[in-house]
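Subject: Structure handover

Hello,

I am passing the structure on to you, with my notes below it. Please read them alongside the coordinates.

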Amino acid sequence: MPGYAERVKVVGIYIQGGPIGVVVATGGIRRVIEFRAVTKRFEDGTIAVDELDLTVEAGTITVFVGPSGCGKTTSLRMVNRMIDPTSGTILVDGKDVLTVDPPTLRRGIGYVIQQAGLFPHRTVLDNIATVPLLSGWDKRKARTRAAELLEIVGLDANFGKRYPAQLSGGQQQRVGVARALAADPPVLLMDEPFSAVDPVVREDLQNELLRLQAELDKTIVFVTHDIDEALKLGERVAVFQTGGHLAQYARPTELLAAPANDFVASFVGRDRGYRTLTFLHADVPVHPIDTAKLGERITVTDWTLVVDEENRPKGWLSGVDGEVEVREQDLISGGSLYDGTTLRGALDAALSSPSALGVVVDGAGAVTGVVQAGDVIQALAKARAAGEVPK
Amino acid sequence: MTWIFENWERFWEVTEVHLRLSVVPVLIGFVLSIPLGWWANRSQTTRAVLFPLANVLFTIPSIALIVITPVLLGVKILDEINVIVPLVVYTVALMLRSVADALAAVPGNVIAAANAMGFRPLRRFLTVDFPLALPVTIAGLRVATVSNISMVSVGALVGLGGYGQLFTEGYQTDNTPKVLAGLIGTVVLAVLADGLLLLIGRLLTPWARAGR
């Protein structure tokens, strides 16, 4: 499985938290989705998708990204026949979807919709059990399976009896993912699933999806208008352009390094050079730093990092002369922390720190030293020289 | 009140008739309004025809409809059908809109999710759309039921039973307690029926109050 191994290398940094207790096997079923000259023209004459040729590789997360009206959602919905193409063929594992009756086809394809779209009148457990019940499983088996999935998506068992309205947006979307996975479909379609939740929860859900995918190995098509999300989740990213054209279909690093046209270049953003750092792993020298604990009396000369009992960073101390007592109210809050993974994290830690020194932490969150922006730039130059940055 | 206790058998008899004449049309009207409401929600044309028609029907005075019904249906003037049919018409006229609006208010992404999960149309209607439309539908049903309970009395003018008989007889014999008994009966019945429907609605839709 070359695609899989590569993905772990590229975005492996996001798979944190270790293995989970429950393993759901797909039995090695891997499905390819092929679009062959697919066009969708709506009744009013607008062309939503124009001659789309694209192959979604088995066992990968492929992201369709683009501005609104670019045909990304229409393309997704043609896979499970929520929309039928005007011309062209869509094959799932070699089988033309138009030859399968829509409800039967859909029960074999997981679907996660915007804002979860949970059934408000059904408990969380019953929501998750929807597809198994539709497919004729007996109630007990469906419930057992639903309870299992609740655990897989990281929700406590007592959520099972609640109604969707009693859950937060992020929890609802976890249930949405569990519901899509219930019948263990080899293919998962995700239609802007995380767009309605706040950024912190969105990041959680994205990491969760990557963690799940590392175990489940599904063929996932993910639609978003957020390029950051696309670059983070996608092993392959299809950038759609207004008018339903596929502008570029490539790996994230290629997309950043070599945009196919001006549209793609502007869509991936002015800061694509900075984004490229996300995909680079290089050694940045870690310098020692003076630390102090609250209540200690120290002599401050330059920036001093204040830590707690477990050596975790609390904030910076500066602007005082001579011997002082370290007090909580004198601390200047720090920037982001660098966990030793990507160059982007290192640069961001350095740039966001009030002392211009990026705090480096280990797995337990304890301070191991600091990094400087200049060192990151040098590491980047080294990576370029070594040919790690695609041209 | 004393009239009610002194004439308990008579009072109970008219209560029974009144209840039957108001509840039967509500049930029939409710059942009819579900497919009609579904249809109105699906097609703009149907909506454009059914809604104004329902409004017009609702504005026909009940006495006129009760008098005309035997002529139209060719039944005897004293048949209970003469009250039941007009009240079914009123119930449908009221409920049609409730059902259509309730179905229209089912969130689009819930419907899309149901379709994407592989529901077939009938099962989706019975297990997703209709249950979600219940709170609004039941609110409409409560209005229709109370309005029917009040309107059944008109049937007494063409000689049919119910509390209306207590009004006409009491008026003719100058017996105010009898009129009041009919009034109390109507109000109590309406309040009880409304409360019962409220309770049924709550039992059927526990999710509707499961807020954050």
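How many bridges join β6(A) to strand β7 of chain A, and do these run parallel or antiparallel? There are four bridges between β6(A) and β7 (residues 187-191), and the two strands run parallel. One of the pairs is Val112(A), whose bridge partner in β7(A) is Met190(A). Before going further, please note that this is a predicted model.

Strand β6 (residues 109-112) of chain A is covered on both faces. Ile109(A) and Tyr111(A) are buried on one side, and Gly110(A) and Val112(A) are buried on the other.

Thr304(A) has Leu317(A) in β14(A) as its bridge partner.

Next, the contact between the chains. Chain A contributes 19 residues and chain B contributes 18 residues. On the side of chain A that touches chain B, the elements giving two or more residues are α3 (102-107) and α5 (130-134) of chain A. By class, the residues on that side of chain A are ten nonpolar, seven polar and two charged.

For chain B, UniProt (unreviewed entry) places the feature "domain: ABC transmembrane type-1" at residues 15-200. In the model, residues 15-200 of chain B are 84% helix and 0% strand, with the end C-alpha atoms 22 Å apart.

Helix α2 (residues 8-42) packs with helix α3 (residues 44-59) of chain B at an angle of about 130 degrees, and their axes are 6 Å apart. That angle makes α2(B) oblique to α3(B). From α2(B), Leu36(B), Trp39(B) and Ala40(B) meet Thr46(B), Arg47(B), Leu50(B) and Phe51(B) of α3(B). The residues in this contact of α2(B) with α3(B) are five nonpolar, one polar and one charged.

Regards

How values were computed
Residues numbered from 1 in each chain as written. Chains lettered and ligands numbered in written order. Predicted model: local features only at pLDDT ≥ 70, side-chain atom pairs only at ≥ 80, totals over all residues. Contact = placed C-beta atoms within 7 Å. Nonpolar A, V, L, I, M, F, W, Y, C, P; charged D, E, K, R; others polar. UniProt positions renumbered as here; feature names shortened; annotations may be inferred. Pairing = 2+ DSSP bridges. Buried ≥ 20, exposed ≤ 12 C-beta atoms within 10 Å, placed from the backbone. Axes fitted to C-alpha atoms, helices over the stretch in contact; angles between N-to-C directions. Parallel < 35°, antiparallel > 145°, perpendicular 65-115°, else oblique.
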